[in-house]
Structures are given as C-alpha cells and as structure tokens.
Amino acid sequence: MKVGVVTFPGSLDDADARRAVTLAGGEAVALWHADADLKGVDAVVLPGGFSYGDYLRCGAIARFAPVMTEVVRGAEGGLPVLGICNGFQVLCESHLLPGALVRNDHQKFICRDQRLRVETTATVWTSDFTEGQEITVPLKNGEGGFVADEATLDRLEGEGRVVFRYLDVNPNGSLRDIAGISNERGNVVGLMPHPEHAVEELFGPGLDGLGLFTSVLKAGLEAIA
Amino acid sequence: MGRVVIDVMPKPEILDPQGKAVVGALPRLGFDLFTSVRQGRRFELEVEGDVTPEVLAQARQAAEKLLSNPVIEDVVSVRDAAGAPEASA
Amino acid sequence: MGRVVIDVMPKPEILDPQGKAVVGALPRLGFDLFTSVRQGRRFELEVEGDVTPEVLAQARQAAEKLLSNPVIEDVVSVRDAAGAPEASA
Amino acid sequence: MSTGVSTLDTVEKAAGTPEHPQPWSELGLKADEYERIREILQRRPTGAELAMYSVMWSEHCSYKSSKVHLRTFGDHVTDAMKEHLMVGIGENAGVVDIGQGWAVTFKVESHNHPSYIEPYQGAATGVGGIIRDIMAMGARPIAVMDSLRFGAIDHPDTARVVPGVVSGVGGYGNCIGLPNIGGEVVFDPTYQGNPLVNALCVGAMKHEDLHLANARGVGNLVVLFGARTGGDGIGGVSVLASETFDATGPSKRPAVQVGDPFQEKVLIECCLELFQAGLVEGIQDLGGAGLSCATSELASAGDGGMLIHLDRVPLRDPSLSPEEILMSESQERMMAVVTPANVEAFLAVTAKWDVEAAVLGEVTDGDHLVVQWHGETVVDVPPRTVAHDGPVYQRPYARPQSQDALQADTPDALPRPGSDEELRATLLRMVGSPNLSSRAWVTDQYDRYVMGGTALATPDDAGVVRVDEETNLGVALSLDGNGRFARLDPRTGAALALAEAYRNVAASGAKPLAVTDCLNFGSPEDPGVMWQFAEAVQGLALACEELGVPVTGGNVSLYNQTGDDGLNSAILPTPVIGVLGVLDDVRRRTPSGWKDAGQNVYLLGT
Ligand SMILES: Nc1ncnc2c1ncn2[C@@H]1O[C@H](COP(=O)(O)OP(=O)(O)O)[C@@H](O)[C@H]1O
C-alpha cells in the first residue's frame, strides 16, 4: 500500500512521516506541493512543519498549493488523509475539518511528551487502537489551541468525531482538551501531537504513534481483500 | 503609487490569547484604564497606480480568501490608505 | 463604552518576512495587482467610559512601551475607534 | 567624468584625487591601517574599497588581536590528533571523519551584542548564521545547541533579554527544523549589559560531498542566491553613504537584522539539491561583512581574480549605494561558483525552490577582485589583502595585580552548614538557585524531536543524534563553560571547560574526536583582559593536546564589556567549549541518571 507524504516549502517532519509509514510496513511516496498529482497513492499524510513560514496563519498559504486541490478532491471521495500539526492546520484552513488552531494560550512554543486518550477507533487512522487507549507521543507547537464555536464542538462530541484528547495537562488551551478530530466519514483525521515521532525505540517516547500508520495500512488491505 | 489597508480582527466570540496576554500585562505596567484588548492584523498592500474600485474589489477578495480565516476572523475594513473607505461591500 | 484602535507596523527598512510570504502567495491565487505587502498588528482596547484625551495619552504610552518593539516597529496610529484621530502627539 | 554619476567614487576618480578626505576613523580604522591601505593600492581607496577594508580588518572579521594567540592551537596539534581531521582551522568550519564514509562539521559562534540590542532577532539571526556556516561546507545541518549567559535574574533588564533570547533561539531553530540537543543557561551580574548568546550547529555529509569556499576556474560564474539585499547591519558605513549621496541623503538604515527562518530552510534544501546534482564548484555563506567578505574570501582562496557587477544584486531597498550593498549583512544569502555549463541547471534548482538567484560576475585570469557599478569600477584590489593579510596586533598583556588577592580568597572562609537543619536549608537554596534549577522552562520551548534522529537531549549532559539511519552511526555533543573558574585562573578554567564537555561526551558512550570553542572576553585593549585571553588559549591548547583532541574551529568575541573600567566592567572571561564524539550505534548511548531501583552506584575517578 502506498502512502503519500506531501512536502511543502517549510515542511519539517516530512521525512519522519515517510519513515513512520515505512516502519509500519507501507510504501512511502514523496509528493511535491507544486504537482497536482497524487501519484496513485492510497492515502496521504500532510506532515508537520512551518509551511511558507506560517507567517500569515498556519497552513493558510499551503492550502492553496496545487497538490491540495487533489488532496481535497480525494478526501471528499473517501481517500484517507492524516494531518499532523501543520498538516492539521492545513486541513482546517482547507475546510476539510471544522474549527481552527490559534496561538497557544501561554504564548510560547511547547515541546513535551504528551499523554493522549484515543477517543474513537471508528476512523481509518485509529482502527488499530482500542477505544480509550492511553498513548504518549511528542507534542511540539506554537499555535496548537483548537477552537470552534460551541455548536461545532457539540456536534463533534455528539458524532464521536473527537479522536484524541489531551490527558494530564492541556498544553495549549485547546477547547474541551481536544487534540485531534475527524470528518464525518472518518477518513480525514487531524491532530496536533506528532505520532510519527513515536515509532522507533530510543528515538522518541515509545512506539505509541505507530498505531495510526498500521491502522491505515490495515484499512487499505481490507479494502483490497 | 497607491496603498490599500486591510484590517482583520479575531471574531468577538473566539478566544484571543494574544489580546488576553496584553490585557493581563497592561496593569502591571501601570496602564489601568483598559478593560479588554483584542489583537488583529493590519495589512498594507501597494499597487502601481491609483487605488481604483477594481483594486479595492481585488483587495477585498484577497482579504476574504487568503488574509483572513472566516472561522475565527472578520475582515473589518478594506480601504484606500488615503482615507476613503471601501466603495461598498 | 469607548474603544481605542492602535496600529503597529514593521519599520519600512526592516525585513518583513510575513509580508514577503503574502506577496508571494497572492499572484498564485490570481491577485496580480499588488506589488508589495506589509503585515502589522492592530489592537482594539476598550475602556469603561468615553475615549478622553487622557485615555488616548495612556494608549499611546502603552503602544510605545508594550504593544510595539521600537527597534523594529513603528506605532503608526493611536485613535478613537469612532474615527477621530489622536489629539496630538 | 560623466555628470550623471558624479557622486560615484570610482577607482579612476580616486587616483585623481589623492587628497580627498576620507572618514576612515569613523569606520574604525587606525591611522596606520589607513596608510597601509593606501600603500597596498598605491592610491587612496575608493569609498567602496574603504568600506571593504574597514569591515574586513575589524576585530570581528580579522581576529587582529587574537590571531597571534590562536596559532597556539596549531602548535599543539600532533599528527595523531589530525588522524580524523579532514579540514582544520581556517575554513568555515572544521570537518571530522567519523567513519563509514561519513564526515561531520560543527562550530560554535557568538551573537552577543546584537542579542542585547534586540534579543529575539539577535538570537534568531545568531542561530541562522552558524547554520549557514555548516551548509557552506556541503553538509546537511542536523542539530543545534545554545549556550546562554545573562545578568542577575532579578534585574529588570534580565526580564527583557531572557525571554527574547530564548524564544529567538527557539523560533529560528524550530521553524527551520533542527533539533536542539543541549546547551547552558547561566546567570551572573557581569553579563548584565552584555549577555552571551553562543550557538552551535553540527552537520553531516558523505566524504565526497565536502565543499570548500574558493573561486577556481577562469570563466566560472559567481552566483548570489537567497534573500534580497537590504540595508541591514550597515549602520557604520552610512558615513560613507552620506558622502556619496546628495542632500536628500539615504533613507534610514536599520540597526538590527530580522531573520527569516523559512527562507533559510528553503535555502538548505536548495543547497543540498545543488550539491547532490554536482552543480557547485565552490560555495560561501554570507554573514558578517556580507558581500565584502564573501567575494574577497572566495577570490583570495581561489586561483585567479574575480569580476563582480554589483548592480546585478537583487535589492530589497533600491536606494542602497554600492558601499552599502558591499557591507549589507542581510541574512539568508549564499554565494556559489558555478561552471557556465551548469548555470542553467543551477538556476532551475533555485527556481524550483523559489529562491532568487543572480549571476553577479565571473572568475577572471587576473589576480584582482574588481567590482563594477553600472560599468564603472569602484573596487580593484588584491583580494588577499582584504581577506587574509589584515593587520595583526601584539597587544600588551599582563597578569593583573588583583589576581593574587582573588586567588588568596579561598572558599575556606565561607561558612559551612553545621547542623542537619542548615544542611537541608543549604541544599534547598542550591536546588532553587537560578544556576542550578531545572532548565525545562528553556528546553520545553525547543523542538528536540524534529528529524527523528535524537537519541539524547535534555536533561542529559550530552546531546546525541543519528547521522546514518541504516547503521545508526551518530555523534554526541556537549557545550560547556564556567566563567567563574576562568576568572579565578583562566588557564585552568579553560582546561576545565574542555574537561567537562569531554566527560559529558565520553559518559554518553561516545569517543570524543574534536573541539570547537567560542572565546568570549572583554576588551583586548585592556592588558588584564588580554592576559586572561592568552592564558585561556594556552590552557585550552595544552588540555587538547593532553586529551588528544584538536580544536577544529571556533569564534572569538571581544569587547564584551559595559564600560571602560578594565576588568571591573568586563564580563567574566568565558571560554565556551564544544566537544564532538562519535558512536558507532547511537542506540547504545548511555543516558544519565539511574532508572531502576536496586542498581549499584559507583563513583569513579578521584
Ligand atoms: N540554553 C539551552 N539550550 C538547550 N538546552 C539546554 C540549555 N540550557 C540547558 N540545557 C539542557 O538542559 C539540561 C540541564 O542543563 P544543566 O542544568 O545546565 O545541566 P548540568 O548542570 O548537568 O550541565 C541539559 O540537558 C542541557 O543540555
């Protein structure tokens, strides 16, 4: 199964996302922001970083990259898409996911090993976890506060679309401790923490991040079977 | 050479961490008159010639499509820097 | 309830990476009229009563001391949101 | 003489107006230095030449006060110490062979004064500058570290400087995607008006990717690429600019530089693609002294001359004069030497990354660096005289009288905790003191995970990163200094700083291979400070020889003081030492601290 990882100018964790895909047993394919071409991949990861410097709003300029037209079209057709950190911001800016990410409430960049609860396994990116499973993955962001209006938050909760929730501490002021959400269909997931940095023993806080990548690979295999 | 000014502010109902930080810091510096602060963005766009209605129309489109995120922000003004407000929205 | 608006912009001679990023993105979205963009900040400060000269004076001080970094930014305007410009600097 | 350019100070004009008064003193040159320039050129310099010489002969660029002492490092390098050295002192950064076809390059550099003026941007551009040094060797940067020193923690100005510096280091490093794997934070009142911001970068490359900064091959093209050139950091030269401009004068010139880490990130990827495609003959970063430095150093290290058309430099501010363009320290720029056959492919790569590039000129068969402005020659100099043959000072130095009293005042006079209660209170006070407390408030603001190769970082004493994903070959680094020890005895203090960094690297399981150093001192014009400097260099050189690790490069920062009152207003003498070691498999690194109950604890050494 082929998983594409998009590189925008300013993407930083693109090589890490490709490594995670490979370690999970998939084939990682590098996608370039300026190509309106998904090279026939079966899923797409929008990685972390500071696309275009994130000087305007995080993800605001990346959203208009040629490759995003294809990603949006694919996502609407059911293609699994995962946005990590800056990728999550791009998904919100593209309106594939509701809400927005604003500056951390404490105004600083924060890097820490973050505990999360997996709130649902009903997405293609979390089927390999168990409901309520507690995992630890690195978090690193300056603008990670998830905000949306009350009605949207209620809908996300009601429809089981809150995918990850912060445990112990809310590191950035996200409303209702939300760390990650999905679209209605469950093929598009965005989260602020970095599962791709918890896939290799000794190079991160453990292996808890692998689950997202093995989930989508399994979903892919089932689709073929 | 003309110049268009665009103001973008966080929606009133949206959390504004920067504004909140400022309002907390002001009294510590002895500025005690302000009850609330919101921080937004101001863009200055330059054009070759005059600020025509066409320029203003394109500026408003850019403001709504790129310079602001409608989920959390409002475009509060698009105007000729000379002071004339936008023709009409 | 009164409101003061403060505009802070990067000094013209200082590199403005924000503005640079925007001016690079605009033509890709078909906005071709703009030759340069600078991005600054706009603050809205609220006070209990009216915007008196005293309020404006304190707002200007706050703008210079806290809201802007005088090494790289200029306070370009401090005014009553009702539109009246600042009394005098 | 054409009237349209009558304000332009050309070589032709300079030859005809020998008596024209020049602001050499305002530019920081001494009378004898100005005379020497006239001797070299056999005429008065043009304004542009004066600008180049003045900046390249400054303490910062020429090392004129420290040069005679720095030679000590070379004198104490044995053949055994050179075993792993591919490039030693003198290039942008030293290069160390770590085996399996891999090499690493690393260097520490200071950005002290700018960080006091504008803490965020000063620190940010400090990180940006050292990263470009590493890129210029052909390497991919893989990690950064930062060693920071501030004034008293309860001083009001510390509250301005500290958050700005920390978020500047983080802001640049995080945005460019380099893990921060360690550093120091120290508070001491002597750094009050003069904080130290020392940044280290380490990069890795395959042996064959090593690039050196020289302009060889007649006909090869000189390309400037990256950010546009603005009026950054040219405060001093405005005296020249105001001479060449009419009454309206130049527009305001910024005192500080603003960094654009996004531009630098793109520049890194662009450079690596250029290297990989074999499109670069020589490369040089633009840092202090900007184009003056890049052109004269490239030409000086090459085998011919160089012709530069300065009017082809892409400008951010069109009002800049030729002198100012030569001096501008605008960030995020690089200069490459490219064969004519490759230039099209070169420009295709820069275009792919949306990086602006301009062919400024070419390598010539002469032996002069010639700079033209719209066809008129404004610089015509032997490049070596600018870049390498600057003045060398034998500054007087002497051990200050006060040193005896300082050393006689031993800790024996200090009160000792006498009871359990007092011991407890002392311990609590120490744990809570600014210099011993947790550094998480700093390190939590730095990304240590990006690139996925960090095997050790905070709170460990050494940082460890992987170089090769296949084999897990990697490096360990530690950056340490102790100004209080160095103040008591500069020779021993420098040796102890080396010993600490060396121990930290060794304790992580790595084999220490090489050393970089940033020597932060007060004014070299004070014989007491100069003595501290000379002693520290001696101590470091001897300790390096003892331990068998060579100094591969570094940086000297002088004039770190807030007044003219000699040792009383100088900072503590602060040699900051970085040690690099190699691990064949970083998965076998040893973290500090014990992990499980029941483990035995041993104390080693004396
Ligand atoms: N400025 C800094 N940047 C990055 N890491 C830092 C910085 N200061 C301290 N650290 C890291 O924090 C940890 C604790 O630092 P410190 O208390 O100085 O340790 P020690 O006293 O053992 O040398 C170390 O891992 C060190 O590398």
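Strand E9 (residues 162-166) of chain A is mostly covered, with 5 of its 5 residues buried (buried means under 20% relative accessible area, exposed over 50% and partly exposed in between, with a 1.4 Å probe and protein chains only). Helices (H or I, at least four residues) and strands (E, at least two) are DSSP runs, numbered from the N terminus. The model is predicted: local features need pLDDT of at least 70, side-chain atom pairs count only at pLDDT 80 or more, and totals for chains, interfaces and linings use all residues; side-chain values use heavy atoms, with hydrogens and water left out. Residues are numbered from 1 along each chain as its sequence is written, while chains are lettered from A and ligands numbered from 1 in the order in which they are written.

E9(A) pairs with strand E6 (residues 110-118) of chain A in the antiparallel sense over 3 bridges, pairing being assigned if DSSP finds at least two bridges between two strands. In this pair, Leu116(A) stands opposite Tyr166(A) of E9(A). E9(A) is also joined by 3 bridges to strand E10 (residues 178-182) of chain A, again antiparallel, and here Phe164(A) faces Gly180(A) of E10(A).

These strands belong to an open sheet of 9 strands in chain A, ordered E2-E1-E3-E4-E11-E10-E9-E6-E7, with mixed pairing. Its edges are formed by strand E2 (27-32) and strand E7 (134-141) of chain A, each of which pairs on one side only. From one strand to the next, the twist averages 25 degrees; axes are lines fitted to C-alpha atoms, for helices over the stretch in contact, and angles run from 0 to 180 degrees between N-to-C directions. A parallel pair in chain A is that of strand E4 (residues 81-84) and strand E11 (residues 188-191), joined by 4 bridges. Val81(A) stands opposite Val188(A) of E11(A). Helix H1 (residues 14-24) of chain A lies across strand E1 (2-7), E2 and strand E3 (43-46) of chain A, and runs at about 175 degrees to E1(A).

Gln107(A) is found in the loop between strand E5 (100-102) and E6 of chain A. Its phi is positive, about 75 degrees, although Gln107(A) is not a glycine. With a relative accessible area of 22%, Gln107(A) is partly exposed.

E1(D) and strand E2 (residues 94-99) of chain D pair in the antiparallel sense over 2 bridges, with Val87(D) opposite Val95(D) of E2(D).

The loop between E2 and E3 of chain D holds Gln100(D), a residue other than glycine with a positive phi near 55 degrees. Gln100(D) counts as partly exposed, at 43% relative accessibility.

The ligand is surrounded by 14 residues, the closest being Asp146(D), Asn180(D), Gly183(D), Asp460(D) and Asp461(D); a residue is counted if one of its heavy atoms lies within 4 Å of the molecule. A nitrogen atom of the ligand is 2.4 Å from an N or O atom in the side chain of Asp146(D). An oxygen atom of the ligand lies 2.5 Å from a polar backbone atom of Asp460(D), and an oxygen atom of the ligand lies 2.9 Å from a side-chain N or O atom of Asp461(D). Thr458(D) and Pro459(D) are joined by a cis peptide bond, with omega about 0 degrees. Pro459(D) lies in the loop between strand E14 (454-456) and strand E15 (463-466) of chain D.

Chain B is superposed on chain C by a rotation of 180 degrees with 0.0 Å of shift along its axis (RMSD 0.2 Å), copies being superposed by least squares on the C-alpha atoms of residues with pLDDT of at least 70 in both. This is the relation of a two-fold axis. The C-alpha of chain B nearest the axis is that of Arg41(B), 2.2 Å from it. Both copies use the same surface, as 100% of the contact residues of chain B recur in chain C.

Note on methods
Contact means heavy atoms within 4.5 Å. A polar contact is a pair of N or O atoms within 3.5 Å; within protein, one must be able to donate a hydrogen and the other to accept it, and residues adjacent in sequence count only if both atoms are side-chain atoms.
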